[in-house]
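This report describes how the parts of one protein model meet. Please keep the sequence and the structure in view while reading.

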Amino acid sequence: MRFSRKLLGPFVGSLAKKLDYYSQFQPSSLTIQQYLDFGRIGTSANSYTFLKNELLVRLANIMQEFTLLPPKLLQMPSSKMVSNWYAESFEDLLLFEASDSSPEQVARFNDQLTVVLKRHAHVVETMAEGLIELRESDGVDIASEKGIQYFLDRFYINRISIRMLQNQHLVVFGNVLPESPRHVGCIDPACDVESVVYDAFENARFLCDRYYLTSPSMKLEMHNAVEKGKPISIVAVPSHLYHMMFELFKNAMRATVEYHGVDDDLPDIKVYVVKGQEDLSIKICDRGGGVSRTILERLYNYMYSTAPPPPRDGTQAPLAGYGYGLPLSRLYARYFLGDLFLVSMEGHGTDACIYLKAVPVEASEVLPIYSTSSRRNLTMGPQVADWSHHVPGQGNRPAQS
Ligand SMILES: Nc1ncnc2c1ncn2[C@@H]1O[C@H](COP(=O)(O)OP(=O)(O)OP(=O)(O)O)[C@@H](O)[C@H]1O
């Protein structure tokens, strides 16, 4: 039975009850090693049994948080579309709740997963449109903006994790072909970091050349501190690493060309890749003029970009657009307990650093849990600052109660 969503709030009736039920459970974090082991020795029936429950749990946890977004944002056409997609997918997967794990059921489930993956393909852009619609219609107050920022980090990392589970199952046990015979699902047990770096650089350079008719070169240094002199490889999802590198290269190239001008000799982008016992570290250094500390704080904000907005008809792949490159890349890094941050010197350039866990048993999924604290953070107002400092241009104001 389909639940009617047109008349009431986002999630109503029996759907809301099922959401309440599944959101009581915490998502089960897996390590890359567990993904790998299961991909090698698991069976499709076991994978199906785990997934049909885990997907409902992960969806329910985030859908509950969705309902706590500012009502004005939930009323925007694009946000409504996204919430409908989630409700439809949750209902689609509920159909398998009580079913057995016969090969016919598993095949039906795999077909359903394909539909769900396709339905959610444009969630990021559509949610971004929802924010633009909100800004254009009404503006956003600081309390709401903080809550939205907190939600989007959780929403997108949840989405990354759900797609990981689905893709992994469909490649290992369904009809989707792996990228190479070496891959286990979407994981490469011997991901060649150098070739991912080159791939990302060349593709970013292609966009940069097309947009500015020039682009900086790259100087790459690799250092394997674990197996001296050997190429660096790690167990990783190459598409995630590629995504981060591509976004950081686009930013470094844009900053370099805009700071030096198209006619100048452009300074190289320097890249260092080091594999240690615990971390794989990558540093991308540009001389694109850097940013001030005030601006640096805002760069992970989903509502911040200095680039003109991308065309809405999708005609041309822009070099920069919604301002999602950095926040999303940081989520890809954090998803398996890595991190990404920028160090900048205004007037000179920026270093972007990525850290990934080099040991697959330590690379554990970071997943949002719907809880009292998440409810509070989503709905809380701005924090009252308890430090005294002079705000330029505002004079000395009486303390606010
Ligand atoms: N290396 C850098 N040097 C200087 N400024 C930077 C650098 N990296 C990012 N920025 C600034 O941060 C802003 C946000 O970057 P981000 O990658 O999140 O979004 P974007 O590049 O504007 O758009 P897109 O969504 O296409 O990535 C950029 O618009 C730019 O002003």
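Predicted model: local features only at pLDDT ≥ 70, side-chain atom pairs only at ≥ 80, totals over all residues.

The elements that give two or more residues to the side of domain 1 that touches domain 2 are α2 (32–41), α7 (123–137) and α8 (142–173). Of these, α8 gives the most, with 10 residues. The residues on this side of domain 1 divide into 15 nonpolar, 3 polar and 7 charged. The count of salt bridges between domain 1 and domain 2 is 0.

Domain 1 covers residues 10–179, and domain 2 covers residues 188–357. Their centres, taken over C-alpha atoms, are separated by 28 Å. To the contact, domain 1 brings 25 residues and domain 2 brings 19 residues. Between them the two domains bury about 2,100 Å², of which 68% is on carbon and sulfur atoms. I32, Q149 and I160 supply 25% of the area that domain 1 buries against domain 2, more than any other three residues.

## Two residues of helix α8

Is M164 buried or exposed? M164, which has its place in helix α8, has a relative accessible area of 2%; values under 20% count as buried, so M164 is buried. Leaving aside neighbours within four places in sequence, M164 is in contact with Y35, C186, I187, V237, H240, Y335 and F336.

With a relative accessibility of 0%, S161 counts as buried. The side chain of S161 reaches the backbone oxygen of N158 at 2.8 Å. When neighbours within four places in sequence are left aside, the contacts of S161 are Y35, R58, Y335, E365 and L367.

## Helix α12

Helix α12, residues 325–335, is mostly covered, with 10 of its 11 residues buried. The buried residues include G325, P327, R330 and Y335. L337 follows α12 and has a positive phi, near 65°.

## Salt bridges

How many salt bridges does the structure hold? The structure holds 11 salt bridges. In one of them, the side chains of R58 and E54 meet at 2.7 Å, N to O. Both residues lie in helix α3 (residues 44–66), 4 residues apart, which is about one turn of the helix. An α-helix has 3.6 residues a turn, so residues three or four places apart point the same way. R58 and E54 are both buried, and a network of salt bridges links E54, R58 and E365.

A salt bridge also joins the side chains of E88 and R119, at 3.4 Å, N to O. E88 lies in helix α5 (residues 77–94) and R119 in helix α6 (residues 103–119), so this pair ties together parts that are 31 residues apart in sequence. E88 is partly exposed, with a relative accessible area of 25%, whereas R119 is buried, at 17%. R182 forms a salt bridge with D188, and their closest N and O atoms are 2.7 Å apart. R182 counts as partly exposed at 46% relative accessibility, while D188 counts as buried at 4%.

Technical notes
Residues numbered from 1 in each chain as written. Heavy atoms only, no water. Domains from an automatic or database assignment. Contact = heavy atoms within 4.5 Å. Buried area = accessible area lost by both parts, 1.4 Å probe. Salt bridge = Lys/Arg side-chain N within 4 Å of Asp/Glu carboxyl O. Nonpolar A, V, L, I, M, F, W, Y, C, P; charged D, E, K, R; others polar. Buried < 20%, exposed > 50% of the residue type's maximum accessible area, 1.4 Å probe, protein only. Polar contact = N/O pair within 3.5 Å; in protein donor to acceptor, adjacent residues only side chain to side chain.
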